[in-house]
Amino acid sequence: MTTDTPADVRVTRAWSRIVEWLAEYAPPSYAALKPGASDNEIAALEQTLGAGVPEELKALWRLSAGEDGVDGSGLMLGDWTLMPLDTVIEVYQMQMRFQEASGEDALVLWKPSWIPFCSFNPADTVYGLYLNGETGEVCKWTRFGEREQEYESLPAYLELMAVSLEAPLAAAGPEKPGMRGGALMWGPPPDEERRGQWVRHLGQAPPRHPAKTLGAIREALPVDERAEFEEQRDAVDLSDPESVSAFRDRWWERAVQAQEELEDDVAAALGGNIMAQPGHMLAPEYEATLPPAIRHRPPSIDDIHAALRHESIRARFNRDIMDAIPPHYPALLLRWWDIARLIADPHGERAVRAVINGRRASG
């Protein structure tokens, strides 16, 4: 992605990736999204506010004009809620009243060009994020009058969110993607009750069911079951369609079960540290800890170093390796392998830089 890509285009691309992820991994959160707003609805909002809305925020609202939240929690990075447009109007007008009541010489609490778009949760709007229409920065407001820059821009914020979902081992900052009751929740949550219900998302894919062909079924079966499969396959009367179908369906169900068991093993293994020498073959019990695309062996330090095209990012990788101890190598290498793959994606490089530099972008 080039640096001169329009902000609204970047927002559209990043949000599309986020929505696609939500639909696959967190259906309750996906269902909580409201439909996009029409141009007429956004124009009416601008008229009510008496202020213009930046194009990048319009692009977001055209795709999703807020969310309902799930169990009191929002889906946005940082555990914020994407506010519906009527709530945007309510918060903006309330903040402007506070500013007017404080007098001309008082501390600046709100400006007409500050457009709120996220709140603390669906029912609490005394904290949130707003887009500074003059600078393009995403800033945070609190009930105590604090106004702090959080992100360089709305596109940078959404790109970082997309990266943190797609490559969760590369997620920077304290907020990690996780699930609570099947819904996306950034955590770990501060309170003990919700923390006990929260499960960190580690990038495990949903089960990939094999095709209903004999060859695909055989490849999906555990190695020690293939001989039995072949023996029964050779005994099937190929001239009897019902027998062939029954055999295929029975073994396909077993292949699906085996694939699901493997995915469970992947999720469990990634939750801990695995002893493995980088760049060498893994024992079978550790192969399941790697994403399917690289399950044949862990990525080596040299592989990752070569894939990291920028010297500044390579230097950060080298520092991480020097500071690591052997039991932490697998998780560390997977994190950097995710980063290397994202760098190769023209839509991901800008967001990768945000990951490397930390959650907050420099001004």
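Buried residues (under 20% relative accessible area with a 1.4 Å probe, protein chains only) make up 47% of the 363 residues in this protein. You're looking at a predicted model, where local features need pLDDT of at least 70, side-chain atom pairs count only at pLDDT 80 or more, and totals for chains, interfaces and linings use all residues. Residues are numbered from 1 along each chain as its sequence is written, and side-chain values use heavy atoms, with hydrogens and water left out.

**Overall build**
- The protein has 15 helices and eight strands, taken as DSSP runs (helices H or I, at least four residues; strands E, at least two) numbered from the N terminus.
- Take the contacts (heavy atoms within 4.5 Å) between residues at least 6 apart in sequence: 56% of them join residues at least 24 apart.

**Nonpolar cores**
- A nonpolar core is a set of buried Ala, Val, Leu, Ile, Met, Phe, Trp, Tyr and Cys residues joined through side-chain atoms within 4.5 Å.
- The largest one holds 54 residues, and Trp15, Trp61, Met76, Phe117, Tyr157 and Leu158 touch the most other members.
- Setting aside neighbours within four places in sequence, Met76 is in contact with residues including Trp15, Cys118, Tyr157, Leu158 and Trp186.
- There's also a second, separate core of eleven residues, among them Ile304, Leu308, Leu332 and Ile339.

**Second largest pocket**
- A pocket here is an open set of points on a 1 Å grid over the protein atoms alone, where a 1.4 Å probe fits, with protein on both sides within 12 Å along at least five of seven lines; lining residues have an atom within 4 Å of a point.
- The second largest pocket is lined by 21 residues, with Gly78, Asp79, Phe120, Glu175 and Trp186 nearest its centre.
- Strand 2 (114–121) and strand 7 (183–187) are the elements that give two or more residues to that lining.

How values were computed: Buried means under 20% relative accessible area, exposed over 50%, partly exposed in between (1.4 Å probe, protein chains only).
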